[in-house]
Every structure is written in structure tokens, then in C-alpha cells.
Amino acid sequence: MTTFQSVAVIGAGAWGTALATVAARAGRSVTLWARNAEHAARIASTRDNPRLPGVQIAPEIVVTSDLALTARADMLLIATPAQHLRGAVNMLASHLTRPMPIVACAKGIEHGTHKFMTDVIAEAAPHAQPAILSGPSFADDVARGLPTAVTLAAKDEALASSLVQALGSPTFRPYHSTDIRGVEIGGAAKNVLAIAVGIAVGRKLGASAQAALTTRGFAELTRLGRALGARSETITGLSGLGDLILTCSSPQSRNFVLGLALGRGEQPPAGKLAEGEFTAPVLIELAASQNVEMPVSEAVASILSGRSTIDAAISTLMTRPFKAEE
Ligand SMILES: NC(=O)C1=CN([C@@H]2O[C@H](COP(=O)(O)OP(=O)(O)OC[C@H]3O[C@@H](n4cnc5c(N)ncnc54)[C@H](OP(=O)(O)O)[C@@H]3O)[C@@H](O)[C@H]2O)C=CC1
Ligand SMILES: O=C(CO)COP(=O)(O)O
């Protein structure tokens, strides 16, 4: 018997829709909120979301654009893009009449404030119990019921464990944790690193370069994690190394695909959210504020901003002074 019987998902994109399916499969009563009333009505009647094509949305999932309805749930999942999470929680806050868990499902760091997702929730909804869900999980795989494992972290271990009980099923396996920051760092940084690896693959730099960039990317993710107090088991866990491996190796990843297009000198696909593009500049600002070197992420940020060409960025990375491996 779970403490949380009903779940509301804010944000009816690919990930929000997949998570609504997860919660329904786990036996919860589920509400999926889309900001656009027409969009909500269309999903409700067709049981199909163009943002997650080919996935049949179970009839028992209520699809709505009425935010007040979501605030009646026992727990909330927020699956908007990272830079819109504050706006969504601000809107929600006036409907919240009691403390309740709000699980951030976006991967990123807020521009301007350098805040991670649970900090944004804590600021925008001071009575909420913030949590974070992250790990190697493509929305399409998850929605189709392919086996997936993720990390779900909250400050309080009992709460994290109850949230896991509410969402877990034989095809979706969350592990609980109290290392919120560690989970957030992995999810945010891996998107930037996946763009780097995508660029290398698009540039046909070879499988050795792909492995080297992924590994050195992991080294810099680890450095930032240590500086911000992440636990090593989180960094090497599902939300860190696990998600890095997935995203740096699969053309199913939108961040990897953005890199591929850049590496090939092509236009990136339109209308596809690649969070790494938004995270890159704030990630390197955060790293600099902590005196942490993140040369691969810096290369991505400088390419995306037009400060460097791809060839110059590769040359800069390869001609850094030789050093001990750490
Ligand atoms: N897709 C995936 O496989 C995974 C994604 N994630 C993370 O989930 C987050 C969302 O990604 P994803 O669902 O794929 O993205 P999508 O582009 O598929 O969907 C984003 C959704 O957010 C909605 N939205 C945008 N701005 C706002 C806002 N201001 N208020 C409310 N809703 C808003 C959009 O609404 P509208 O349709 O009206 O534009 C859309 O429904 C990202 O941080 C991503 O990294 C995490 C794990 C897996
Ligand atoms: O976060 C994800 C997988 O864990 C999804 O990756 P993309 O956003 O790069 O598609």
C-alpha cells in the first residue's frame, strides 16, 4: 500500500507523457496537465500526443489544462523544460494548500541563478517537499514499457522510498537516494557532454575519440560533483555515469543529435528540445565559480555561442598541457 495514490504530471511533452504512463502502470490514478487547452483536449480525445508519437495513452489517465485539478493529487511530477520549471511552479503554488512532494523531472540548471531544479521548487513553493527523478531513460523506451532504471532522490530517505513505491513497477525501477545534488549534477552535465560526443561522431573523428570524450567528460562531471558535495556512488550511478553512457552513445538522444548535426555542418533538427544547449553556458559559469575545470563543456559552450569553430575547439582540447590522469 503506497502513501501516494494519485499522481499529477505537469507538462505534457514527451517525458511528462511517458511518466504519466509509468504512474498509471504502477496503479496510481493519474492526471496529465498540458498548458494549452486545445492540446489537452486533443490528447484526451485521440489518446495520442504528437510529442511522443506512436504511444497509446491509457484511457484512465485524465488529461487536462486545469491546474487546480493537479493540486488535488498526492504527489506532483514536473516535466517542463528546465528553464520553464520556475514559471510552472509559480503558477502551481497558489493552488497548493498543503505540503506535498514535487518531483523535478527536468534536467538542467537555471540561467541567471545557477540553481538546480529542486532549489527552484523550494523557492517557488516553500511548502513543497522537493525531489528529483533522473537517470538513463528515453521517453519512448519508458512509455513502451521497456525495462528502465532511474534514481529518485529526496532529502528525507523515507519520502524518497515512498515516492519510489508509488512509481515503481516491473518495467520501471527507481532506486531511492538522499543525494539530491549528485542526481541533479549528472542529469544536467551529461546533456552538454552528449553534444560534445555527437559533434565528434558527426565530424567522423572515430570511435577512439568518442570513448575519450565520454571518459574525459565523466572526469569533469566527477570534478564538479565532488566540488558541490555529490556522493561518488551517485556520480557512478544511474543518474551520473548511467545517463552519460546512454546519451553519449545513442542517436535516440536529442542532445547527441544536435551535436551530430553541428559536427556534420548541418542544420540541427527544428523543434527538438536539447537541454544541453541551454545548460552549457550556465554549467561553465557554475564550474568557474567553483574553480572546477570543465574543458569539454567549455568547448561545447564556445561552439554553441559561435566563439569558437569546431576545429579550433578540438585543437584547443588536444593541445592542453599534458597532465596526470585524474
Ligand atoms: N524526452 C526524454 O526522453 C526525457 C526528457 N527529460 C527531461 O524532461 C524535460 C522535458 O523534456 P521533454 O518532455 O522531452 O520535452 P518536450 O519538448 O517533448 O516537451 C516539453 C513540454 O513542456 C511544455 N512546456 C514548455 N514550456 C512550458 C511552460 N512554461 N509551462 C508549462 N509547460 C511548458 C511544452 O508545452 P507545449 O506542448 O505547449 O509546447 C511541452 O509539452 C527536459 O528537461 C528533459 O531533459 C528527462 C528524461 C527523458
Ligand atoms: O535524458 C534523456 C535520457 O536519459 C533524454 O536525452 P535527450 O534529451 O538527449 O533526448
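The points below take these topics in turn.

1. Basis. This is a predicted model, in which local features need pLDDT of at least 70 and side-chain atom pairs count only at pLDDT 80 or more, while totals for chains, interfaces and linings use all residues. Residues are numbered from 1 along each chain as its sequence is written, and side-chain values use heavy atoms, without hydrogens and water.

2. A pocket here is an open set of points on a 1 Å grid over the protein atoms alone, where a 1.4 Å probe fits, with protein on both sides within 12 Å along at least five of seven lines; lining residues have an atom within 4 Å of a point. There are 26 lining residues, and Leu213, Arg216, Val296, Leu317 and Met318 are the closest to the centre.

3. Lining. Helix α9 (207–227) is among the elements that supply at least two lining residues each, together with α8 (180–202), α14 (295–304) and α15 (310–318). The largest share, six residues, is that of α9. By class the lining has 20 nonpolar, no polar and six charged residues.

4. Cysteines. Zero disulfides (cysteine sulfur atoms within 2.5 Å) are found in the whole structure. Cys105 counts as buried (under 20% relative accessible area) because its relative accessibility is 3%. Cys248, at 2%, is also buried.

5. UniProt, in an unreviewed entry, places "domain: Glycerol-3-phosphate dehydrogenase NAD-dependent C-terminal" at residues 179–314. Over that range the chain is 73% helix and 0% strand, with the end C-alpha atoms 34 Å apart. Helices are DSSP runs (H or I, at least four residues), and strands are runs of E, at least two.

Methods
Chains are lettered from A and ligands numbered from 1 in the order in which they are written. Ala, Val, Leu, Ile, Met, Phe, Trp, Tyr, Cys and Pro count as nonpolar, Asp, Glu, Lys and Arg as charged, and the others, Gly among them, as polar. Buried means under 20% relative accessible area, exposed over 50%, partly exposed in between (1.4 Å probe, protein chains only). UniProt positions are given in the numbering used here, feature names are shortened, and annotations may be inferred rather than shown by experiment.
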